[in-house]
Amino acid sequence: MGLRRVSHALHRDIGYLCVGLTLIYALSGIAVNHAADWNPNYKVVRDRAQIAPSAFRGVLDEARVLELLRALGEPPTYQNLFQPDPENLWVFVEGRVIQFHLPSGAVEYERAAPRVFWHAVNFLHLNHPKKAWTWIADLYAVGLILLALTGLLLLPRGRMRRRCLLLTLAGLLLPLLPLLIYY
């Protein structure tokens, strides 16, 4: 079996093995590239509730904060408080913010909920699992290198050689342009 046949077989088989990881890294890469426009990992989920209006105005003490939490059926614990003005109170509990508007009794819950698909693919792409996943990601990178190199040997003999060389040259120059412009 000649070098071209071995290269072709390697390119095909490695390509099959890399399909899943390529999709994960490509989709996650697009999502993470646009993180300034949206949060690819979490979405904000809001909910509302109503408690009895309060005539109290001023800085709330801990007993009143716990009373408000009990009125919602929440456990009497919190991580932090923020009272931007005498009528509003934000209570930070685990994974959520509860906003009280004292005069109306309106309550708004806000929490960050993971986006099921995107959180999972970004978890893998950004190598949060560490351990064995690091090795898998490294093997995938080696697979991509082999795909690139064996792909060069797929150039047909005598046909489209100029076109293939131009595309390969464009592929090599493509990462250099952003470096020249932005780096």
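How many residues does the hairpin that joins β2 to β3 pass through? The hairpin has two residues. The model is predicted.

**The sheet**

Five strands form an open sheet with antiparallel pairing. Their order is β1-β5-β4-β3-β2. Strands β1 (42-50) and β2 are the edges, each pairing on one side only. From one strand to the next, the twist averages 20°.

| Strand pair | Residues | Sense | Bridges |
|---|---|---|---|
| β2 and β3 | 80-85 and 88-93 | antiparallel | four bridges |
| β4 and β5 | 96-101 and 106-114 | antiparallel | six bridges |

L81 has V91 in β3 as its bridge partner. H101 stands opposite A106 in β5. In a regular strand, side chains alternate between the two faces of the sheet.

**Helices**

Helix α2 covers residues 62-71. Helix α2 lies across β2, β3 and β4. Its direction makes an angle of about 75° with β3.

Helix α1 spans residues 3-33, and helix α3 spans residues 116-125. Their axes come within 9 Å. They cross at roughly 105°. An angle of 65 to 115 degrees counts as roughly perpendicular, so α1 and α3 are roughly perpendicular to each other.

Which residues of α1 and α3 meet? From α1 come I24, Y25, L27, S28, G29, A31 and V32. From α3 come F117, W118, V121, N122, L124 and H125. The residues of this contact divide into nine nonpolar and four polar, with no charged ones.

Terms used:
Residues are numbered from 1 along each chain as its sequence is written. This is a predicted model: local features need pLDDT of at least 70, side-chain atom pairs count only at pLDDT 80 or more; totals for chains, interfaces and linings use all residues. Side-chain values use heavy atoms; hydrogens and water are left out. Two strands pair if DSSP finds at least two bridges between them. Axes are lines fitted to C-alpha atoms, for helices over the stretch in contact, and angles run from 0 to 180 degrees between N-to-C directions. Contact means heavy atoms within 4.5 Å. Angles under 35 degrees count as roughly parallel, over 145 as roughly antiparallel, 65 to 115 as roughly perpendicular and the rest as oblique. Ala, Val, Leu, Ile, Met, Phe, Trp, Tyr, Cys and Pro count as nonpolar, Asp, Glu, Lys and Arg as charged, and the others, Gly among them, as polar.
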